[in-house]
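Subject: Structure handover

Hello,

Here is the structure for your files. My notes on what was found in it follow below.

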Amino acid sequence: MIIAPSVLTADLAALGSACDEAVAAGLNWLHLDVMDGNFVPNLTFGPPVIKQLRQHLGDEPIFDVHLMIENAETMFQDYIDAGCNHLSVHVEAVKHLHRLLHAIRDAGATVGVAINPATPVETVLEVLPDVDLVVIMSVNPGFGGQSFIPTVESKIRILRKAIDEQVAAGGRNVGIQVDGGVKAHNIDTIREWGATNAVVGSGLFNAAGSVADNLATLQQALNN
Ligand code: DX5
Ligand code: ZN
């Protein structure tokens, strides 16, 4: 299970240091929550900040940018140019999803599609051959520190089965990222459901201990 720290609830006044702490703890898949104040009722950061983060951190860490924005079709190249390796776009925010997924991949990044809690998983089955990751939102997007929505279980299980069938037929393997409300008490359960990647924000940056301590607690939950 990849644990992907979301820096959304880290100290944004010291974002570079928060990322340094995550990388020092051994986390190299950084989940960057980009919000435009339109698709979600919050506004975070964009290409200029990400570009500085990339200069600060060097080429090693994977920048997984979660685009909670209305204009991913016109802005995706800016995120790649800023140093993002992976872009996830929301099925609810894109007019021509298949075309965008291929455009992002053709531009040299890996690509994911995200669905909100109320969006049926069937909406992404058509593009399973075209993505590297499906992001199952287990909170309503816009904020960190929210409670996990357990009804995503059936989506994850359906997706796990569909991806396994795709691979068995010689198709691409696709990761299942669960995003929102993941903590030590539920991370092993979502792994059992079929997830391969867990975004953790407040569980790493706002829990009692250091990021390293909180990571150890999550890893212990996975090893039990
Ligand atoms: C919410 C973001 C999530 C969130 C995760 O819109 O997409 O990545 O920051 O934070 P926690 O783990 O605190 O729910
Ligand atoms: Zn996210």
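**Cysteines**

The sulfur of Cys 84 is 12 Å from the closest cysteine sulfur, that of Cys 19, which is too far for a bond; a disulfide here is a pair of cysteine sulfur atoms within 2.5 Å. By this rule the count comes to 0 disulfides. Cys 19 is in none, its nearest cysteine sulfur being that of Cys 84. Cys 84 is buried at 6% relative accessible area, and Cys 19 is buried at 0%. Buried means under 20% relative accessible area, exposed over 50%, and partly exposed in between, with a 1.4 Å probe and protein chains only.

**Basis**

This is a predicted model, in which local features need pLDDT of at least 70 and side-chain atom pairs count only at pLDDT 80 or more, while totals for chains, interfaces and linings use all residues. Residues are numbered from 1 along each chain as its sequence is written, chains are lettered from A and ligands numbered from 1 in the order in which they are written, and side-chain values use heavy atoms, with hydrogens and water left out.

**Zinc site**

Which protein residues hold the zinc ion (ligand 2) as donors? They are His 31 (NE2), Asp 33 (OD), His 66 (ND1) and Asp 179 (OD), lying 2.1 to 2.2 Å from the ion. Donors are N, O and S atoms within 2.8 Å of the metal (3.2 Å for Na, K and Ca); water is not among the atoms, so sites may look incomplete. Along the chain, the donors of the zinc ion (ligand 2) follow the spacing H-x1-D-x32-H-x112-D. Distant parts of the chain are linked by the pair His 66, in strand β3 (residues 62-68), and Asp 179, in strand β7 (residues 175-179), which are 113 residues apart. Helices (H or I, at least four residues) and strands (E, at least two) are DSSP runs, numbered from the N terminus. His 66 is buried, at 0% relative accessible area, and Asp 179 is buried at 6%.

The site of the zinc ion (ligand 2) is octahedral, with angles of 72 to 175° among its 6 donor atoms. Six donors count as octahedral if opposite donors are over 155 degrees apart and all others between 65 and 115. For six octahedral donors the ideal angles are 90 or 180 degrees.

**Helix packing**

Helix α1 (residues 15-24) and helix α2 (residues 47-57) pack at an angle of about 50°, with their axes 10 Å apart. Axes are lines fitted to C-alpha atoms, for helices over the stretch in contact, and angles run from 0 to 180 degrees between N-to-C directions. α1 and α2 are therefore oblique to each other. Angles under 35 degrees count as roughly parallel, over 145 as roughly antiparallel, 65 to 115 as roughly perpendicular and the rest as oblique.

Helix α3 and helix α4 (residues 97-106) pack at about 15°, with axes 10 Å apart, and are therefore roughly parallel.

**Individual residues**

Asp 78 is in helix α3 (residues 72-81) and is partly exposed, at 36% relative accessibility. Its C-alpha atom is 6.2 Å from that of Pro 47, 31 residues away along the chain. Met 75 also lies in helix α3 and is partly exposed, at 22%.

Val 174 sits in the loop between α6 (152-168) and β7, and is buried at 2%.

Regards

Key:
Four donors count as tetrahedral if all angles lie between 85 and 135 degrees; four count as square planar and six as octahedral if opposite donors are over 155 degrees apart and all others between 65 and 115; anything else is irregular.
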